[in-house]
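Good morning, and thank you for coming.

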Amino acid sequence: MSTCTYISRSKRRYPERICKNKNCNHGKRYIPTDFRQEYCCPSCGEDAGNDRRRELNNSTFQHEKQLRLIDKKLSVLFNKYEINGYCQLQKNLLQHEVIDISLGVQQGINTLTKQKVNWLYEYGTEQHPENKDWIIIHKKPK
Ligand SMILES: [Zn+2]
């Protein structure tokens, strides 16, 4: 009895669909045998999964590249404006250098000011506690 049900189910046909694999080379159109079916065949499903993973890796890589670049720009500014290990500068200087200080890899707290520090890899930024137009660049202690 249950076998009969299975057979009748597997023989069920659904309206024609378009394969969700962007690079499908099996004619794109197919008749699904299951209502959940998204691809014309298992290999198309696999291809689409690989494409998704590749895109994700790529965007993660691009994001990290961008963060490394910000870190590097902060290091240049730090070395230029630092006085006895302390570095503060006007925000518009960062805008001029196209540094987006909202991006970071880790949040920290400055125990002296009790304020948030947005860390990249070696450098981080903090809103100046007294002047909203200024920021402080911190260097991670070695
Ligand atoms: Zn396909």
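I begin with C87, which counts as buried because its relative accessibility is 1%; buried means under 20% relative accessible area, exposed over 50%, and partly exposed in between, with a 1.4 Å probe and protein chains only.

Before I continue, a word on the source. This is a predicted model, in which local features need pLDDT of at least 70, side-chain atom pairs count only at pLDDT 80 or more, and totals for chains, interfaces and linings use all residues. Residues are numbered from 1 along each chain as its sequence is written, and side-chain values use heavy atoms, with hydrogens and water left out.

On confidence, the protein chain has an average pLDDT of 89, and 92% of the residues reach at least 70; pLDDT is the predictor's confidence in each residue, from 0 to 100. Over residues 1-8, pLDDT stays under 50, and the model has zero contacts there beyond four places in sequence, a contact being heavy atoms within 4.5 Å. Where pLDDT is low, the predicted coordinates should not be read in detail.

I turn to the strands. Helices (H or I, at least four residues) and strands (E, at least two) are DSSP runs numbered from the N terminus, and two strands pair if DSSP finds at least two bridges between them. Strand 3, residues 87-90, pairs with strand 7, residues 134-139, in the antiparallel sense over four bridges. Within this pairing, L89 stands opposite I135. Strand 7 also pairs with strand 6, residues 123-127, in the antiparallel sense over five bridges, and here I135 is the bridge partner of Q127. Six residues lie between strand 6 and strand 7, which form a hairpin.

Which residues coordinate the zinc ion? They are C19, C24, C40 and C44, each through SG, at 2.3 to 2.4 Å. Donors are N, O and S atoms within 2.8 Å of the metal (3.2 Å for Na, K and Ca); water is not among the atoms, so sites may look incomplete. Along the chain, the donors follow the spacing C-x4-C-x15-C-x3-C. C40 and C44 are both buried. The structure holds zero disulfides, a disulfide being a pair of cysteine sulfur atoms within 2.5 Å.

Finally, two loop residues. V98, between helix 3 (91-96) and strand 4 (106-110), has a positive phi near 55° without being a glycine. K114, in the loop between strand 4 and strand 5 (115-119), is likewise not a glycine and has a positive phi of about 65°.
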